[in-house]
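Keep it short, and give the cut-offs as you go.

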Amino acid sequence: MAGAPVATAPARSVEGKTSDRPAGSVQRRQRLRRALTGWAFSAPFTVLFLVFMAVPVVVSLVMSFTDLRSTDLRNPFAVNFVGLDNYTRLFSDDLFLRSSVNTLVFVVVGVPLTIVVALAAATALNSGLLRFRALFRVGFYLPVVTSIVAVAVVWRFLLDPEVGLVNGLLGVVGIDGPSWLFDTKLALPSLIVMATWRNFGFLMVIFLAGLQAIPGDLYEAATLDGASRWQQFRHVTLPMLRPTLLFGGVVTGIGYLQFFEEPFVMTQGGPLSSTLSVSYHIYNQFGFGNYGYAAAASYVLFVAIVALSVIQFRFLGERK
Amino acid sequence: MRRSRLATVAAAALALSVALTGCGRDSGGGQDDAKAVAEGKASGEITVWAMGTEGEKLGEFAKAFMTENPDAKVNVTPVPWDAAHQKIASAIAAKQTPDVSMIGTTWQGEFAKTGALDPTPPDLIKKEEFFPGAWDTTVVDGSSYGVPWYVETRGIFYRKDLATAVGFPEGPKTWDDLTAMATKMKANGVREGFHLQPGKTGSWQSVMPFAWSNGAEGVSADKVSFDSPEMTEALGYYQSFFKQGLSGTDLPEGALEPDFVSGKIGAFISGPWHIGLLQEKGGAAFADKWAIAQMPMKKSATSFIGGSNLAVFKDAKNRDAGWKFVQWLSKPDVQVKWYQEVKDLPSVQSAWDDSTLSGDPYLAVFGKQLEDAKAPPAIPTWEQMAASFDLEVEKLCKSDVDPAAVAKAIQEKASGIGTGS
Amino acid sequence: MTTMDRGVRGRDRVAKAVLYTILSISLLAVVGPFVWMALSSFKPEGEIRSVPPTWWPETFTLENFRDLFSRLDFPLFFFNSALVALAVTVGNLLFCSLVGYALAKLRYPGKRVLFLAVLGMLMVPGMVTFVPQFVLVSNMGLTNTYAGLILPFLVGPFGVFLMRQFLQSIPDDLIEAARVDGAGEFRIFWRVVLPLCRPALATLGILTFLASWNNFLWPLVVATTEDKYTLPVALALYSIGQNRTDFGLLLAGAVVVVLPVLIVFLLLQRHFMRGIATTGLK
C-alpha cells in the first residue's frame with residue numbers, strides 16, 4: 001500500500017501477517033468473510049451517508065456548472081449549462097480575491113495559534129500535579145457554549161476605542177490604544193485572537209481525550225531513563241498524540257477556512273472589506289440568489305480545504 | 001482500475017451536462033394573468049407565515065376574521081426574521097409553500113420572478129387605496145404580486161432644544177438648513193451634529209432619499225443610471241457631513257440612542273421604531289427635548305419607504321381563501337386595529353384619517369412623509385446591487401474619494417449585476 | 001533527604017505557582033463573557049444595552065425569564081430539542097464508532113474509498129448542500145416530521161474521522177489477543193474496544209449534542225409549523241426583530257439554552273479523568 005499518504009491506513013492488521021497461506025479457496029473464503037465483516041460495520045453509516053450527504057453534494061456540484069439563480073428555484077431544470085464560466089468569473093471578482101487573502105491570513109495565523117494554545121491548556125490540565133482540574137476544564141470550554149451574541153457584545157465592549165477594557169489597560173502603561181474593529185489593519189488580527197479564544201476549548205477537549213489514551217507506563221519508563229519533562233513531552237507525548245494532533249489540525253483548518261461567525265457578528269466584513277471571508281462572500285452570494293456562482297465559490301473553497309488537509313496529512317500523518 | 005472509474009464519472013458528468021444544455025430557460029417571459037377569486041365567504045384552512053412581532057400576534061388577531069368567516073381556519077406559523085428569506089426560498093424550491101406569506105419588500109422581485117407568487121386579483125384588491133410608493137414594491141414586470149401590509153419611512157430625528165438654540169426650532173427644512181444646523185450644533189459642543197450611517201448594510205436607505213430628492217433615479221426596472229450629475233451631487237452632499245466632521249465613522253452599535261439622549265449627537269435619520277426606543281431610553285424628562293422632521297427639501301423632499309407585503313403562492317392549497325384573508329387585512333378599520341395591536345403603520349391611506357394615527361404628533365410627520373416616499377424597483381438583483389452600493393458608500397464616508405468616482409464605481413458594479421430582467 | 005531532592009521540589013513549587021497564575025488569568029479571560037451573559041439576563045433591557053456595559057445588575061429583574069416562559073411554549077420546544085439532540089447523539093456515537101472501528105482496524109475492499117469520501121464530505125462547505133438537501137428531504141415527505149429533523153444528522157463525517165483517529169491509537173495486540181481467544185468481531189468491538197473509547201465517545205457525545213442542540217437553520221426550514229420548532233428557532237422568533245433585537249430575551253434564552261449543554265458536559269467530563277483509559281489498557 002504505497003498510495004497517497006492520505007489513505008495509508010494502518011496496514012498492520014492481524015491477518016496480514018500470515019505469510020504461509022493455504023489453498024486458494026480458504027484464502028478466498030477468508031477474504032470474503034473479512035469483506036463482509038468490514039461492510040457490516042460500515043453499512044449503517046454508509047447508507048445514511050449516501051442518501052443524505054452524497055446525493056446533495058453531487059447535485060450542488062452540478063449546480064456550480066449552471067447559471068442557476070434563486071429565480072429559477074421552481075424550474076431548476078430550465079437553467080443553462082455554462083461550463084466553467086462561474087469558476088473563471090470568480091477569479092476576476094475583486095471581493096472574492098480580497099476575501100481569499102483575508103481567509104488565508106486568518107488560517108495561516110489562526111490555526112497554529114489555536115493548536116498551540118489548546119495543546120498547552122490540555123497538557124497543563126492533564127499534568128498530575130494540578131488541583132481544580134475539573135474547574136479549569138469546564139471553564140476553558142465555556143466560550144464554546146456561550147451564545148455568539150453574548151460573545152459579540154462583550155468583545156465589542158473589550159475592544160471599544162473609548163471605554164473598552166483593552167485600551168484601558170493600554171492606557172495604564174501610557175499607550176493610546178487604537179480603535180481595533182474600525183481600523184482596516186487591526187480588525188482582522190482582532191478577529192483572529194477572538195476566534196482562538198472561542199475555539200481552543202473545543203480542541204482542548206479533544207487533545208485531553210488523546211492524552212488520556214497514552215499509557216502511563218511510557219512516562220514511567222521515560223522518567224526512569226532520566227528524561228526531563230520537556231523531553232518527555234517531546235519524545236513521548238507528541239509522537240503518541242500524532243493521530244489526535246492530525247485530527248485537531250485538520251478539523252481546525254477546515255473550520256477556519258470557513259470562518260464566518262466572527263466577522264458576521266463583529267464587523268459585517270468591514271471596515272472596507274478587510275474582514276470579509278470567503279465563506280461570508282459565499283453566504284452573501286447565496287443570499288443574493290446567485291446559486292450557481294455561490295456553489296462554484298464553495299467548491300473552490302473545498303479545493304483549498306483539501307489542499308490544506310493534504311499538507312497536514314503529509315506533516316502529521318502516520319509514517320511507517 | 002482507478003482510471004476506468006474516473007472515466008465513468010467523467011462520462012456521466014458529460015451526459016448530464018449535455019442533458020442540461022438541452023434544457024435552457026424559455027426566454028419569453030410569459031405574462032401572468034390574475035385570476036378572479038370566487039365570491040362568498042372564505043372557507044377551509046389557510047396557512048400563513050409571518051415574521052417577528054407580526055408572526056407572534058397575527059394568529060390571535062385573525063380570530064376576528066374567523067368569526068366573520070366561520071368555515072375558515074387561519075393557521076399562522078411565526079418565522080424568525082433571521083432566516084426567513086432562506087426558509088421561503090427553500091419552500092419555493094421544494095414546492096412546499098404556505099398559502100400566504102409575509103414578504104420583505106426588497107425580496108418581492110426575486111420571489112415573483114421564480115413564478116411562485118400569484119398575481120394580485122384586481123377585482124378584490126384596489127391599487128388606489130394604498131400609498132403609491134408602497135404599491136410599487138409589489139409590481140414586477142408590470143403586474144402586481146402582492147399587497148402592501150404595513151409601511152415605514154424615514155425622517156430626521158433631532159434634538160429640539162439644541163436645534164432651537166441654533167435657530168432651527170422646527171428642524172431643518174432644506175439641505176442648506178440641515179448643514180447649517182449640524183455645523184452650528186457642532187460649534188456649540190455637540191460631537192456629531194448630524195449622524196449618518198457610514199456605509200455598511202442598509203446605508204443605501206439613508207443615501208437614496210438624498211439622491212431621489214435631487215432628481216436622480218439610480219435604478220429603474222430595466223435601466224441602471226447611478227452615474228448622473230444629480231447622483232454625484234447627492235453623494236457629495238452625503239460625504240460633506242463626514243468631511244466637515246459633522247458625522248463620525250466609528251459609532252459602536254447601541255451607542256446611538258444614549259448619545260442622542262446625552263446630547264453628543266444632534267440629529268440622525270431613522271424610522272418610526274425609534275419613537276419607542278427614544279421614549280424608553282430617554283424617559284419622561286426627555287420627552288420635550290426631541291422631535292421629528294420630514295426629509296429636507298432639495299428638488300423634492302423624498303424619503304425611503306419600507307415595510308412588508310403579503311403574497312399568495314401559486315402552489316397554495318387554498319388560494320381563494322388566502323386572498324380573502326389578505327383583503328381583510330387591507331381593510332382600513334382592520335389596518336387601524338392592527339396598528340393598535342403591534343404599532344405597524346397602515347399601508348392603506350384612508351386608515352391614516354383615524355384619530356389614533358392622525359392625533360399622534362410624531363406619527364403625523366411620518367404620515368405626511370409617506371405621501372412622498374419611494375422604494376427601489378422590485379428587481380430580483382436589488383439586494384446584491386444594494387450590497388455593492390453600501391460598500392462604495394463606505395469608501396465615500398471613510399476616505400477623501402471624489403463623489404463622481406464613487407458614482408462611476410456604483411454604476412459599473414450595478415450594470416455588471418444587471419436588473420435581472 | 002538530599003539537597004538535590006529539595007532543590008527539585010522547590011523548583012516544582014515555583015513551576016506550579018506560575019502554572020496556576022497563568023491558568024487562573026486565562027480562566028478569567030475565558031469565563032468573563034459567559035458570566036456577563038448570565039448576569040445580564042437579570043438586567044432590564046436598557047441596562048443591557050448601556051455603554052459601557054455594567055457587570056453586576058444595577059436593577060435586578062426576573063422579567064426576561066418571566067417574559068420568556070410566558071411567551072414561549074417552553075416544554076414543547078425543550079422536548080423537541082432534547083428529542084432531536086439525543087437521537088442524533090446516540091446515532092452518531094453508535095454508527096460512527098462502528099464505521100470508525102472498521103476503518104481503523106479491519107481490512108476490507110472499498111475501505112480506502114469510504115475513508116476518502118468521509119474526509120471529502122467533511123471538507124464540503126455546509127452552505128452549498130443546503131437547498132438540495134432540503135429538496136431531497138421534502139421529496140421523501142419528511143418536512144415537518146421528527147425524522148426530517150433527525151435523519152440527515154444521524155451520522156456525520158466529523159464523528160467518523162474522530163473515532164477512526166482515536167481507534168488507531170489503540171494497540172492491535174489487544175484486539176489480536178481477543179481474536180486468538182476466539183471472540184467474534186462484534187464482540188471484540190463491544191466488549192474490548194468500546195470500553196477503551198470512553199474519552200473519545202464522551203468528546204464526540206458532547207460535541208454532537210452541542211451542535212445538534214444549537215442547530216438553527218435546518219430545523220427552521222424543515223419545521224413548517226411551530227409545534228416542530230426547536231429551542232433556538234423559537235428563541236430567535238421572539239428576540240430578533242427587523243429593526244431591533246430584544247437583548248433581554250435573547251440573553252435569558254441563551255442562558256436557558258446553554259444549561260442542558262453544560263449539564264451534559266459536566267456529566268461526561270469525568271470520562272476525561274486520567275486513569276480510566278490507562279487501566280483499561282493494562
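The side chains of C:Asp227 and C:Lys228 form a salt bridge, with N and O 3.7 Å apart. The term means a side-chain nitrogen of Lys or Arg within 4 Å of a carboxyl oxygen of Asp or Glu. C:Asp227 is partly exposed at 35% relative accessibility, while C:Lys228 is buried at 15%. Buried stands for under 20% relative accessible area, exposed for over 50%, and partly exposed for what lies in between (1.4 Å probe, protein chains only).

This is a predicted model: local features need pLDDT of at least 70, side-chain atom pairs count only at pLDDT 80 or more, and totals for chains, interfaces and linings use all residues. Residues are numbered from 1 along each chain as its sequence is written, chains are lettered from A and ligands numbered from 1 in the order in which they are written, and side-chain values use heavy atoms, with hydrogens and water left out.

Over all chains, the salt bridges number 25. One of them joins C:Lys105 to C:Asp172, with the closest N and O atoms 2.8 Å apart. C:Lys105 sits in helix H4 (residues 74-105) of chain C and C:Asp172 in helix H9 (residues 172-180) of chain C, so the pair ties together parts 67 residues apart in sequence. Helices here are DSSP runs (H or I, at least four residues), numbered from the N terminus. C:Lys105 is buried at 4%, and C:Asp172 is buried at 13%. In chain B, B:Glu60 meets B:Lys63 at 3.3 Å, N to O, in a salt bridge. B:Glu60 is exposed at 54%; B:Lys63 is partly exposed at 43%. In chain A, salt bridges link A:Arg198, A:Glu261 and A:Glu262 in a network.

Now the cysteines. The structure holds zero disulfides over all chains. A disulfide would need a pair of cysteine sulfur atoms within 2.5 Å. The sulfur of C:Cys96 has its closest cysteine sulfur in C:Cys197, 12 Å away, too far for a bond. C:Cys96 is buried at 0%, and C:Cys197 is buried at 1%.

Next, chains B and A. Their contact (heavy atoms within 4.5 Å) takes 34 residues from chain B and 31 residues from chain A. One salt bridge crosses this interface. It pairs B:Asp315 with A:Arg74 at 3.1 Å, N to O. Helices H1 (2-23), H4 (84-93), H5 (108-113) and H17 (382-398) of chain B each supply at least two residues of its side touching chain A. H17(B) gives the largest share, seven residues.
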